[in-house]
Amino acid sequence: STPSLTLLDWFAPYDESFLNSANEDLASAGPLQLPGTNLLVGGGKEGILYLLNRSNMGHFQAGGNSQIVQDFQATAGHIHGSPIYWNSPNSGPLIYIWGENDALKAYRLVNGLFDTTPLATGTITAPNGMPGAMLSLSASGSTPGTGVVWASLPFSGDANKGTVPGI
């Protein structure tokens, strides 16, 4: 009769102690479950994307992250907004991220792994400082020509501790 939360599984990067002490924690961007898969992708302030199996998230392993599906350096700056997903008609499953001090990037999911070279990179770089861009996507399913990535980001300045112009 009393609601409770039970931990079923978890993951921590091998360098979690350093990340916490340097304020480079994994918790700055929310996770995204990839539709039609058992995969979960997320990132944090170190700019690394982590791809996890939701049935076996990997827990902690000293010395490396080989217990998880994949991890790679996806952006030069912090990732604050959650990755977004679109199953594009021409390129297949894609995720988009836009980290601090970096441009919008699209990564392809191929046979359950991300191609670590971006399929596409935008031409506008987010300004120095937080937070990079917050993203969303609208599309008519996977109908060609209907996918639109929407972004909100600072135009100039660091929005970490103050209000700055945005676009």
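Select F114 to begin: F114 is buried, with a relative accessible area of 4%. Buried means under 20% relative accessible area, exposed over 50%, and partly exposed in between, using a 1.4 Å probe and protein chains only.

Before moving on, note that this is a predicted model, where local features need pLDDT of at least 70, side-chain atom pairs count only at pLDDT 80 or more, and totals for chains, interfaces and linings use all residues. Residues are numbered from 1 along each chain as its sequence is written, and side-chain values use heavy atoms, with hydrogens and water left out.

**Stop 1**

Now look for ring pairs. Rings of Phe, Tyr and Trp (its six-membered ring) pair if their centres lie within 6.5 Å; planes under 30 degrees apart count as stacked, over 60 as edge-to-face and the rest as tilted. The whole structure holds three aromatic pairs.

Go to the pair of F11 and Y50. These rings are tilted, 5.3 Å centre to centre, with 50° between the planes. F11 sits in the segment before α1 (16-21) and Y50 in strand β3, so the pair ties together parts that are 39 residues apart in sequence. Helices (H or I, at least four residues) and strands (E, at least two) are DSSP runs, numbered from the N terminus. F11 is buried, with a relative accessible area of 13%. Y50 is buried as well, at 3%.

Return to F72 and F114. They form a tilted pair, 6.2 Å centre to centre and 50° between the planes. F72 belongs to strand β4 and F114 to strand β8 (residues 113-114), 42 residues apart.

**Stop 2: the nonpolar cores**

A nonpolar core is a set of buried Ala, Val, Leu, Ile, Met, Phe, Trp, Tyr and Cys residues joined through side-chain atoms within 4.5 Å. Select L34, V41, L49, L51, I95, Y107 and F114. They have the most contacts inside the largest nonpolar core, which has 15 residues. The elements that give two or more residues to this core are β2 (39-43), β3 (48-53), β6 (92-97) and β7 (103-110). Apart from this core lies another, of eleven residues, among them W86, L94, Y96 and A106.

Which residues does V41 touch, not counting residues up to four places away in sequence? They are G30, P31, L32, L34, L49, Y50, L51, P83, I95 and F114. Contact here means heavy atoms within 4.5 Å.

**Stop 3: the open sheet**

An open sheet of four strands runs in the order β1-β2-β3-β4, with antiparallel pairing. β1 (32-33) and β4 stand at the edges, each with a single partner strand, so one side of each has no neighbour in the sheet. Two strands pair if DSSP finds at least two bridges between them. β1 and β2 pair in the antiparallel sense over two bridges. Select L32: its bridge partner in β2 is V41.

**Stop 4: N65**

Select N65, in the loop between β3 and β4 (70-73). Is N65 buried or exposed? At 8% relative accessibility, N65 counts as buried. Its side chain reaches the backbone nitrogen of Y14 at 3.0 Å. Such a polar contact is a pair of N or O atoms within 3.5 Å; within protein, one must be able to donate a hydrogen and the other to accept it, and residues adjacent in sequence count only if both atoms are side-chain atoms. Leaving out residues up to four places away in sequence, N65 touches F11, A12, P13, Y14, Y50 and D71.

**Stop 5: the salt bridges**

How many salt bridges does a search of the whole structure find? It finds two. A salt bridge is a side-chain nitrogen of Lys or Arg within 4 Å of a carboxyl oxygen of Asp or Glu.

Select D25 and K45. Their side chains meet in a salt bridge (3.4 Å, N to O). D25 is in the loop between α1 and β1, and K45 is in the loop between β2 and β3, 20 residues apart. Both D25 and K45 are buried.

Next, select D102 and K105. In this salt bridge the closest N and O atoms are 3.1 Å apart. Both D102 and K105 are buried.

**Last stop: V149**

Select V149, in strand β11 (residues 148-152). V149 is partly exposed, with a relative accessible area of 27%. Setting aside neighbours within four places in sequence, V149 is in contact with I84, Y96, L104, L135, S136 and L137.
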